[in-house]
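Open the model in your viewer and keep the selection tool at hand. This tour goes from one stop to the next.

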Amino acid sequence: MDVERYRELLLHKRGELLAGTAAKPLQWTMENNSGRQGDMADQASGNNEVHIQLKLKQTDAKILQAIEEALRRIEEGVYGACRDCGEPIASARLDAIPW
């Protein structure tokens, strides 16, 4: 198994997520929608956008945590083995989702 290749994939994905998080903070979305004028449909649309952004941030946070854990397993020398049974994880699975 090419652990260094997986490390690079993990670091690249972590960089993408961190860059995306910084691009449009949730606070910015909330502030720009809090004073939104218009009818109830416009206000609901703004609230929906805030809700979607919140869910995306939560998903990104979970993926970032999983990436950090995978990087820790690489450092410990146990990356690529199932945490439950200890069996090797298929390369195809790690190629698809290395965390």
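Select Arg-7 and Glu-75. They form a salt bridge, with the closest N and O atoms 2.5 Å apart. A salt bridge here is a side-chain nitrogen of Lys or Arg within 4 Å of a carboxyl oxygen of Asp or Glu. Arg-7 lies in helix α1 and Glu-75 in helix α3 (residues 40-76), so the pair ties together parts that are 68 residues apart in sequence. Helices are DSSP runs (H or I, at least four residues), numbered from the N terminus. Glu-75 is exposed, at 59% relative accessibility. Exposed means over 50% relative accessible area, buried under 20%, and partly exposed in between (1.4 Å probe, protein chains only).

A word on what is on screen: this is a predicted model, where local features need pLDDT of at least 70, side-chain atom pairs count only at pLDDT 80 or more, and totals for chains, interfaces and linings use all residues. Residues are numbered from 1 along each chain as its sequence is written, and side-chain values use heavy atoms, leaving out hydrogens and water.

Glu-4 is partly exposed, with a relative accessible area of 41%. Now show Glu-4, Arg-7 and Glu-75 together: they are linked in a network of salt bridges.

Next, select Glu-69 and Arg-83. Their closest N and O atoms are 3.6 Å apart, and they form a salt bridge. Glu-69 lies in helix α3 and Arg-83 in the loop between α3 and α4 (91-96), so this pair ties together parts that are 14 residues apart in sequence. How many salt bridges are found in the whole structure? The search finds seven.

Move to the rings. Select Tyr-6 and Tyr-79. They form a tilted aromatic pair, 5.8 Å centre to centre, with 45° between the planes. Rings of Phe, Tyr and Trp (its six-membered ring) pair if their centres lie within 6.5 Å; planes under 30 degrees apart are stacked, over 60 edge-to-face, and the rest tilted. Tyr-6 is in helix α1 and Tyr-79 in the loop between α3 and α4, so the pair ties together parts 73 residues apart in sequence. Both Tyr-6 and Tyr-79 are buried.

Now select the largest nonpolar core: Tyr-6, Leu-10, Leu-17, Leu-64, Ile-67, Ala-70, Leu-71, Ile-74, Tyr-79 and Leu-94. A core is a set of buried Ala, Val, Leu, Ile, Met, Phe, Trp, Tyr and Cys residues joined through side-chain atoms within 4.5 Å. Its largest share, five residues, comes from α3.

Last, colour by pLDDT, the predictor's confidence in each residue, from 0 to 100. The mean is 85, and 80% of residues reach 70 or more. Where is confidence lowest, and where highest? It is lowest in helix α2 (residues 26-34), at a mean of 55, and highest in α4, at 95.

Methods. Helices (H or I, at least four residues) and strands (E, at least two) are DSSP runs, numbered from the N terminus.
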